[in-house]
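Visitor: I would like to learn how to read a model with two chains, feature by feature. Could you take me through one?

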Amino acid sequence: MFKLTIEDKTHSCQPDETVLDALLREEVNISYACKKGTCHSCMVRSPDIQPPAAAQVGLKDTLKKRNHFLACLCHPEQDMTIKLPDQSEFYTEGTVVVNEMLNRNTLLLVLTFKDAFEFNAGQFVNLQRADGLTRSYSIANIPQESNTLEFHIRRLPGGKFSEWLHDEIKPGDTIAVSEPRGHCFYLPDRTEQGILLVGTGTGLAPLAGILTDALRHGHSGPIYLFHGSREVEDLYRIDEMRQLSEQHSNFHYIPCVSSKHVPEGFTHGRANDVALVTMGDLKGWRVFLCGHPEMVNQMKKMTFLKGASSADIYADAFLVTPV
Amino acid sequence: MTDTQATPSNTLYERIGGEPAVNAAVDIFYRKVLTDHRINRFFEDVDMEKQAAKQKAFLTMAFGGPHNYTGEDMRKGHAHLLKMGLDDSHFDAVVENLGATLTELNVPQELISEVVAICETTRNDVLGR
């Protein structure tokens, strides 16, 4: 019999029981449906130890790496600590060190931490204001020795949190930051694989992190980044990306503008449409899609139909909290 | 099913190649279904990952593998599609795509026939009859 610990409570798991069965018997409030590993409703996380391989069958590589597993398929092999998806999070305090504009509506926010902040480039965190108002933002850099996290914050008209960050926050202020979440990140395997990155607006934030991570690991396959917005003034980091593409012959940067006014050096059209026209067969490619939810959902399907395996498509749809 | 299924090494699921075979088939099958204009409107789930997981469960069942779908599950799971006009022609098209997928993977014709036979056992439940 093994012990299952959730927050400060301990439950027993009988030898013939799955983690899900044990938690349901103990009346823990956990979501589930099919009980056979198909629906992924009961996915939970083991923060400290690797779960049994049989409990990770069918999960994406990045979820496996973060020790996510399916409670309905898990027969524990030792005592386990379990994190439920909706469980309250552990927040650490970050101090603002940089707040400057990247373009006319996007703020670069850099926070520093006393202790090392572990994450994979491309993940997101929840930022929380003192009154409890919370929003998710993607991390835009790779783990630094200086323990800093970088965020790109687009000002949303009437957006309570983004307006607060844009208008009121200043260096020295502190913000509560959750543990990193999400499974849209780079794993340093199959370095010869082609990588397609498509993002709109601040979708560049996670993609920039993923790109930096891939280049740092010596990724040798071709890497294409399509970054789009309506007007050229809403793109950013253009010079930095161009510079990177000069330094790395396998990296190709295609900034896209969908409005009529398209300056030289930019491609006319939506980033996703341009990407689909530019790219050939995506069989064997790894795909990262970040930004507008409709773009992300449509591109998941289109890149799959163009040959990318569903296991190789990573997506982060930016949902906007209604004002 | 026949008595040969009683010997584990002889089940259709094992002869066809088990879970690796399902994994090899699922993307090919789902791609065919999504591009088949006769039926793709029934598969336009906004969440592609969940939809892909459903396809995998379906293939596992069709290959004679472990599943615990009941006829009742089949009826409930397809009721909303009946309202969209799901009928025999669509069922046939799905089976046709599955057959084409297996042919592409060089699965012998006699195994494909067994898979098709398993699919047939669900037809009335899927179509709510």
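Guide: Let us begin with chain B, whose elements run α-α-α-α-α-α-α from the N terminus on; helices (H or I, at least four residues) and strands (E, at least two) are DSSP runs, numbered from the N terminus. Chain B therefore reads as 7 helices and 0 strands. This is a predicted model, in which local features need pLDDT of at least 70 and side-chain atom pairs count only at pLDDT 80 or more, while totals for chains, interfaces and linings use all residues. Residues are numbered from 1 along each chain as its sequence is written, and chains are lettered from A and ligands numbered from 1 in the order in which they are written.

Visitor: What does the radius of gyration say about chain B?

Guide: The radius of gyration is taken over C-alpha atoms, and the globule rule used for comparison is 2.2 Å times the number of residues to the power 0.38. For chain B the radius is 14 Å, close to the 14 Å that the rule gives for 129 residues, so chain B is as compact as a globular protein of that length. Its C-alpha trace spans about 40 × 30 × 25 Å along the principal axes.

Visitor: How many of the residues of chain B count as buried, as a percentage?

Guide: A residue is buried if 20 or more other C-beta atoms lie within 10 Å of its own, exposed if 12 or fewer, and partly exposed in between, with C-beta atoms placed from the backbone. By that count, 24% of the 129 residues of chain B are buried. Contacts are a separate matter: two residues are in contact if their C-beta atoms, placed from the backbone, lie within 7 Å. Among the contacts in chain B with a separation of 6 or more, 75% are between residues 24 or more positions apart.

Visitor: Which elements of chain B touch chain A?

Guide: The contact takes 11 residues from chain B and 11 residues from chain A. On the side of chain B, helix 2 (18–35) and helix 3 (48–62) are the elements that give two or more residues, and helix 3 of chain B gives the most, with 5 residues. That side divides into 6 nonpolar, 2 polar and 3 charged residues, where Ala, Val, Leu, Ile, Met, Phe, Trp, Tyr, Cys and Pro count as nonpolar, Asp, Glu, Lys and Arg as charged, and the others, Gly among them, as polar.

Visitor: How is chain A divided into domains?

Guide: Domain bounds come from an automatic or database domain assignment, which gives domain 1 (2–81), domain 2 (92–177) and domain 3 (195–317) in chain A. The centres of domain 1 and domain 3 of chain A, taken over C-alpha atoms, are 35 Å apart.

Visitor: How should I read the strands around strand 7 of chain A?

Guide: Two strands pair if DSSP finds at least two bridges between them. Strand 7 (residues 106–112) of chain A pairs with strand 6 in the antiparallel sense over 6 bridges, with Thr95(A) opposite Thr112(A) and Glu100(A) opposite Leu108(A), and a hairpin of 4 residues joins the two strands. Strand 7 of chain A is also joined by 7 bridges to strand 10 (residues 148–154), again antiparallel, where Val110(A) stands opposite Glu150(A). Of the 7 residues of strand 7 of chain A, 5 are buried, so this strand is largely enclosed by the rest of the structure.
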